[in-house]
Amino acid sequence: MQPDKAIKTEAMQIDKAPSMGFADRLRVMRESQFGAFVPVLLALVAIWLYFGITEPVFLSPRNFYNLFMQSAVVGTIAVGITVVLLLGDIDLSAAATAGVAAALMAVLVTNVGLWGPVACIIAIFVGIIMGTTQGLLIAYIGIPSFVVTLAGNLGFQGLMLKILGIHGAINMRDPFVRGITTVTFPPFVGWILAAVFVVGFMYVSLRRQARRRASGLELDSSASLYGGIIFFSLLAFAAVWTLNSYRGVPLLVVLLIGMTALLSWVTTSTPFGRMLFAVGGNPESARRVGISVQRMRVAAFGLVGMMAAIGGIVGASRYASVSFNAFAGGPLLLEAIGAAVIGGTSLFGGRGSVWNAILGALVIGSLGNGLDLSGASAADKLMFSGAILLLAVAIDALSRSKEGASR
Amino acid sequence: MADRADKAVGPSAPPTTPHLVCRGVKKRFGGVEALRGVDFEVRRGEVMALVGDNGAGKSTLMKAIAGAYLADDGEFFLDGEPVTITTPFDAADLGIQIVYQDLALCENLDVAANMYLGTEPVQEGWHFLPRILRPLDDLLMEKKALAAIDRLKVRTLQSVRGKVGGLSGGQRQAIAIARAVGADSTVVLLDEPTAALGVAQTEQVLDVVRTLRDAGHAIVYISHNMADVFDISDRITVLRHGGNVAIYETAETTTDEIVVAMTRGLDKGANNAA
Ligand SMILES: Nc1ncnc2c1ncn2[C@@H]1O[C@H](COP(=O)(O)OP(=O)(O)OP(=O)(O)O)[C@@H](O)[C@H]1O
Ligand SMILES: [Mg+2]
């Protein structure tokens, strides 16, 4: 009797403590500077290890190269979607916007004969207008973003069909557009890029620490400072080494990292980014300190329109054609939203990072790629992706309800 | 305006003119008339308590003064000059700071970010960028936030880099107060600033209020705690059902009189100023 009871209470305690600790640790981890990276990074590593063991070809440089290229379209759109998710809104029209931009660009280049770069700029501009228009409807008429962008999705799909005409597909042979995804840098340029990145990262981190010390502020722990530097240096050189052993660092990867870095800077280190997070966290508080919630909405939807258009151009370049199915009929939209959410950006607004969208896109891309290699059916792939997405959203909801409980 | 103030507070009032005056402020929310033409005033170097039952319109009046709501009607004067307050920036430019009843903090942002929300300092240079795209000066923000919190002596708050979502109600209240008193201001509106605070922390806040008053700020203090109101205030404005009841000199009235005015208005024929 007696020992039984003792064991039981002990078991209950053990049962309770780790589960609390885990959710707590998850929340704390997600709040730290690079911490939100960790879960999705671990997921990525786990997927790579798993497929690396089951399908050795998965870890070959060639496959990594393809993986990066495949994930680029989803990643670009996911970065844009992250911006509206930060506001607590959603954009269901991003893939269709990408499709319209791609179709427009293709028509301008092949049928009108416009110079590639000009066509791209026009397409991006149109994407911004499409996003901004939806943002205006959401902000000033007060229609939920879900509804506006759902309508936008349908409308833009129709628009895309109109632009593509009866053929349903346009081939892309323009050297400039194709070059976006076919140009790779010679190996030494890759090494230089990695070195520049590492030196820049080190300079920024160390200078920041020195300035904090000079002003007598709380310092980042040396472990996280030097750990971060070492980790990102290794990552940069490993990535360059891998890509160099196949074709070299693709221009697209550099472009994507550059754009994401720029958006990351805008969303975390400028008053604009502050306002974005403030509106996502508590719109009423934001309004009361004088932030125009409406203008932030419009700006965010303009940004997602821009990123979607860029994603569309990247897609056109990558597939060497623009077809209705590649953008509208396909799973591009759900993969992009999934990538953002898997990356740890909250569907409830106010939390997330554009870098994580890239990682999320790699997770989705790796899953698809690995399942393809192991000969999984389309049915398996869909179910697998669904499960992963559900898991990511569950983690999001869990860490949010934890915050609510502490209130 | 001066004779109006004299009429309102009686001959014993100090010969100062009010710093901030509101006249005939009206605000309606759909069918609810939250403010039906309220007059209000506060002088520099005084604590004006604002009391009234739940739903009397106290917070609505404060929000109208702070620019969080646009009043449907009414006039505002600062040192006798008519001013327009349509946005929170207008109010801040006029030196009006507020601690909201619900604090208006963003839980997903850290303490320093909350304290400078909407007024973030940006780094020198970068003039080719619009202001909202220039890099934040987060070191300056942190330094100023630490200094402001130090002044409030919130010892339990260890770091200004923690997210507000992880803080206790009292700590949050302290941050909201630090945000308001850390900025340049001449008018500080405190909407139930001690509601979530313990005894010692409440005393701390009352001390801060006294310091601000002695420095010549005009303070509006809303509270349901009559002991605090009588402790800190120089005058008491009573609102009821979105209208004025009266203004009392704290030294010349009693808790009972105020409570009666709050709940039943002036049907007792008390010190009638309305
Ligand atoms: N945003 C709003 N929308 C609709 N009605 C509102 C709004 N804000 C206030 N009201 C109404 O206006 C009236 C006054 O509210 P207010 O918050 O000013 O009262 P209060 O005096 O601050 O009360 P309390 O002591 O409970 O804080 C109430 O009847 C309230 O229901
Ligand atoms: Mg109130």
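## The nonpolar core of chain A

Of the 111 residues in the largest nonpolar core, those that touch the most other members are I77(A), I81(A), M105(A), M160(A), I291(A) and V322(A). Such a core is a set of buried Ala, Val, Leu, Ile, Met, Phe, Trp, Tyr and Cys residues joined through side-chain atoms within 4.5 Å, where buried means under 20% relative accessible area, exposed over 50%, and partly exposed in between, with a 1.4 Å probe and protein chains only. Helix α3 (residues 61-86) of chain A gives the largest share of this core, 15 residues; helices (H or I, at least four residues) and strands (E, at least two) are DSSP runs, numbered from the N terminus. Because domain 1 (36-44 + 54-183 + 250-399) and domain 2 (185-249) of chain A both give residues to this core, it lies between them, the domain bounds coming from an automatic or database domain assignment.

This is a predicted model, in which local features need pLDDT of at least 70 and side-chain atom pairs count only at pLDDT 80 or more, while totals for chains, interfaces and linings use all residues. Residues are numbered from 1 along each chain as its sequence is written, chains are lettered from A and ligands numbered from 1 in the order in which they are written, and side-chain values use heavy atoms, with hydrogens and water left out.

A backbone N or O atom of G55(B) lies 2.8 Å from an oxygen atom of ligand 1, and a polar side-chain atom of Q101(B) lies 2.9 Å from an oxygen atom of the ligand. For Y69(B), a polar side-chain atom is 3.1 Å from a nitrogen atom of ligand 1. Taken alone, ligand 1 exposes 630 Å², of which the protein buries 66%, the areas coming from the Shrake-Rupley method with a 1.4 Å probe.

## Loops and a strand

Most residues other than glycine have a negative phi. A104(B), however, has a positive phi of about 55 degrees although it is not a glycine; this residue is found in the loop between β6 (96-99) and α4 (111-115) of chain B and is buried, with a relative accessible area of 3%. E192(B), also not a glycine, has a positive phi of about 50 degrees, sits in the loop between β7 (187-191) and α7 (199-214) of chain B, and counts as buried at 13% relative accessibility.

In chain A, G113(A) is found in the loop between α4 (94-111) and α5 (116-141), where it is exposed, with a relative accessible area of 54%. I222(B), by contrast, belongs to strand β8 (residues 218-222) of chain B and is buried, with a relative accessible area of 0%.

Key. Polar contact = N/O pair within 3.5 Å; in protein donor to acceptor, adjacent residues only side chain to side chain.
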